[in-house]
Every structure is written in structure tokens, then in C-alpha cells.
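Hello,

Here is the structure I promised to pass on. Please open it and keep it beside you while you read my notes below.

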Amino acid sequence: MMKNFRLSIPTRLVFGIGELKRLAKQPLPGKKALIVISAGTSMKNFGYLDTVIAQLKEAGVESVVFDKIKPNPCKAHVAEGAELCKAEGCDFVLGLGGGSSIDTAKAIAVVVAMGGDLWDYVSGGHGKSQPVTKALPIVAIPTTAGTGTEIDPWGVITDEDLNEKIGFGFPQTFPVLSIVDPETMVSIPVKLTAYQGFDAFFHAAEGYINSKNASPISDLYALEAIRLLAKYLPKVVADGKDVHARAKVAWGSTLAGMVESTSGCTGEHALEHALSAFYPKLPHGAGLIAISKAYYKTFKNDCMKRYMKMAEKMTQQKAARPSDFLDALATMQRLCGVDNIKLSDYGITPADFDRFVDNAIDTGAGMLDGDPRFLTKEDIYKIYQDSYK
């Protein structure tokens, strides 16, 4: 029997080289934008921020910049950004840059409209799971290819005081408009390109093996994202200025975001969130890569046909066994130069494993619920153990 499913992605997506410079031609949801960017310099140095401000001005839209976001965005900056948004009278939020900026923009949009604290609305950990009924309109302009947050309702924020890194998402946090311009991605450093690309890859792979939410429509998105990323991410890592390959990776990432909108992440993301909740200097994509081989090995006999199908998309050859996917994953990581990530380089020690296990279960139960089979505490501990070097 065909599985029942639902599809609702209410985002106007504009994809293509040069589209950022045509932002003014798009329907914008307000008259004053809070532009959320990272604390780094790339949005300013490469002119992306100036382009957005100029395009908004051409469209008759004022703007205010909030530029404090970290690679692992935190709740304190959500609160600070929300206060600035209210004080300046902004009526929509524009996230420009990586997933951290866009995720923060989504969180600010909720807090400004609903009031209170973001943890009033998240589920897991100390979150209160209160319903969200409104949010400011959100515009997303990613300059990285990784999270797919431009086409899904999800965001991830860390409460640094509680060491809780939790995902959230509501119908109101779908962006109303997203501009994906691969030309803005040619400046991404090699390592970040690889980390972000693998984040997208795992969104697709996790969504495909998700035992609870995978559907015929999410499978379509996932398999094409897996194919594109396996083929073109190594090309982009080898030559970051290859705009053609950048476009393919960007489209793979956006497709993986569509997987997020129709299926969802599994325990791999829950386990990584626990790592970077305690060690925020660990890039999210690097953490995912570090645990990926042990994580996917755990389920190789639980969804054999799906592993083989992913392997076929990656290699363009007939798969004979589920381990072909594990082999293809190892090859892809080697080609991208990320096959030897050491968690110990970020200060992590085996003494952390017990608290990682508890944190993953406490804050990521919804993702763990999608795993092909239930992971016990012992299973999760072993994944961390087998991943450690």
C-alpha cells in the first residue's frame, strides 16, 4: 500500500545565478526589515550586505542590521535581536548568510510576534512547548549550501546556560520568500564548503531512512539531493569557483531542505546537537561527519533496500549489499578531505559520552523517534565511542 502523505511548502523560492541583484523585483512582506547576519566579516567584505540594503531601498524598504550571530547561534542573541526589532519598528526579518543567521531570524520572528522567551515555544529539554500562532514574515537569503533552512520551517538554537541545542519549527516559520543565488557561495572556504555540504547530504539521507515520516514525495527529493551532492560536492571542494558545480550543490541543499519539510532528521542530528551544545566551536557539519560512519553502520540491516538505493544514486552503479552505501559515504568523505575529523581536536574526551547520551535523548527525542529502530542508551554510547579519535 502507498503511504499517505501531506505536502505544504508555502515559500516563494527564487533560484539562480544573479538573483540576489534582482531582490527588489520580488514581492516583499513589509516596509522595514531587520537584517540578521553573522558576527563575521564575509557578508560585508564580499558586498552581499550592501547589495541587499540597496535592493531593499530600491523597493522602498528601510532596514536595520543585527550582526552578532555565532556559527552555533544562541538564545541570548535571539532575545537581543528581538528587542532591536521591536525598538526599530521592523515588520519583517531577513536572514542573510549561513543557516545560523536564517535560523536566528526565524527565532526572532517568533519571539517578536509572540512575546516571552524562545524556550517558551521549543520542545525538549527545558522547553515549555507553548503553541505558536503567529510570527513576523521571514525572508531567507542563504549564502551557503548546507542547511536548507530557506525552504523549511526549522531552526536550531542553543541555550548556552543550559547546554541545550534544540530544533524548532512551526508553520509560521516557513520563509515567505527565499533567494538562492549560487554566485554568493563561491567565496566559502574549502572546509566550510565540505562541512555544509555534508549537513545537506545528511538531511537527505536521514529523511530517506526516517521510519516515521518518509513518504513518496520526500523520497523523490532525498534521492535527487543525494545524487547531486555525491557528484558535485567533491567538485566544489576541489574548485570553489566552479559556479556550475556550486549551483548543483546549492540545488541539492535546497532539495534536502524540502526533505526537511516533508520528512525530517533522525538520531544522527540529535547526537550531533549534544556534541556542539557542550562544545560550540565544533562545526555542526564536522560533528555530523565524525559520527556518520558509526551511526549509519548501526542501521545497515534495518533498511537494506534504502541503503542500497542511496548507494546506487551515489555511485551510479547497481548495489549488491547495504554496505555499499557505507563504502560510498567513506569515499565521498575522502574525496572532500574530511575523512579524518578528530573530536579530540575540539576538546571532547570519552568522559563526555554519558552526558552526550543523556542530552541527545532529552533534547532530541523527536528525531530519535524517526530512527529505523529504537536506539538504547548503550547504542548511542557505542556510536560516540566508535566515532572517537
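**A buried cysteine**

C265 counts as buried because its relative accessibility is 11%. Buried means under 20% relative accessible area, exposed means over 50%, and partly exposed lies in between (1.4 Å probe, protein chains only). Before going on, note that this is a predicted model: local features need pLDDT of at least 70, side-chain atom pairs count only at pLDDT 80 or more, and totals for chains, interfaces and linings use all residues. Residues are numbered from 1 along each chain as its sequence is written, and side-chain values use heavy atoms, with hydrogens and water left out.

Where is C265 found? C265 sits in the loop between α7 (243-262) and α8. Helices (H or I, at least four residues) and strands (E, at least two) are DSSP runs, numbered from the N terminus. C265 touches H203, E206, N210, E260 and M367, not counting residues up to four places away in sequence. Contact here means heavy atoms within 4.5 Å. C265 and D369 are 104 residues apart along the chain, yet their C-alpha atoms are separated by 9.7 Å.

**The cores**

The largest nonpolar core has 78 residues. A nonpolar core is a set of buried Ala, Val, Leu, Ile, Met, Phe, Trp, Tyr and Cys residues joined through side-chain atoms within 4.5 Å. Which residues touch the most other members? They are F201, Y296 and Y384. Helix α6 (residues 216-238) gives the most to this core, with 13 residues. Another core lies apart from it, with 28 residues, among them A82, V111, V112 and L136.

Now look at F201. Leaving aside its neighbours within four places in sequence, F201 is in contact with I226, L229, M314, F325, L329 and M332.

**Helix α10**

M314 belongs to α10, where the buried residues are Y307, M310, A311, E312 and M314. The cover over these buried residues includes α5 (190-209), α6, α9 (284-298) and α11 (323-335).

Does the length of α10 agree with or depart from what its twelve residues should span? It agrees, because twelve residues at 1.5 Å a residue should span 16 Å, and the end C-alpha atoms of α10 (residues 304-315) are 16 Å apart. The expected span is 1.5 Å times one less than the number of residues. Just after α10, Q316 takes a positive phi of about 60°.

**Two helix pairs**

Two packed helices are described by the angle between their axes and the distance between the axes. Axes are lines fitted to C-alpha atoms, for helices over the stretch in contact, and angles run from 0 to 180 degrees between N-to-C directions.

Take α5 and α10. Their axes come within 10 Å and cross at roughly 145°. The contact is made by F201, A205, Y208 and I209 of α5 and R306, Y307, K309, M310 and M314 of α10. By class, it has seven nonpolar, no polar and two charged residues. Ala, Val, Leu, Ile, Met, Phe, Trp, Tyr, Cys and Pro count as nonpolar, Asp, Glu, Lys and Arg as charged, and the others, Gly among them, as polar.

Next come α8 (residues 267-278) and α14 (residues 377-387). They pack at an angle of about 65°, with axes 11 Å apart. L271, A274 and L275 of α8 meet I380, I383 and Y384 of α14. This contact has six nonpolar, no polar and no charged residues.

I69 is found in strand β3 (residues 62-69). I69 is buried, because its relative accessible area is 3%. I69 touches V36, I37, S38, A39, H77, S100, S101 and T104, not counting residues up to four places away in sequence. I69 and I37 are 32 residues apart in sequence and 6.3 Å apart in space, C-alpha to C-alpha.

T11 lies in the segment before β1 (12-15). T11 is also buried, with a relative accessible area of 11%.

**Positive phi in two loops**

S129 is not a glycine, but has a positive phi of about 60°. S129 lies between α4 (99-114) and β5 (138-142), and is partly exposed at 41% relative accessibility. N163 is not a glycine either, and has a positive phi of about 55°. The loop that holds N163 runs between β6 (154-159) and β7 (164-169). N163 is partly exposed, with a relative accessible area of 24%.

Best wishes
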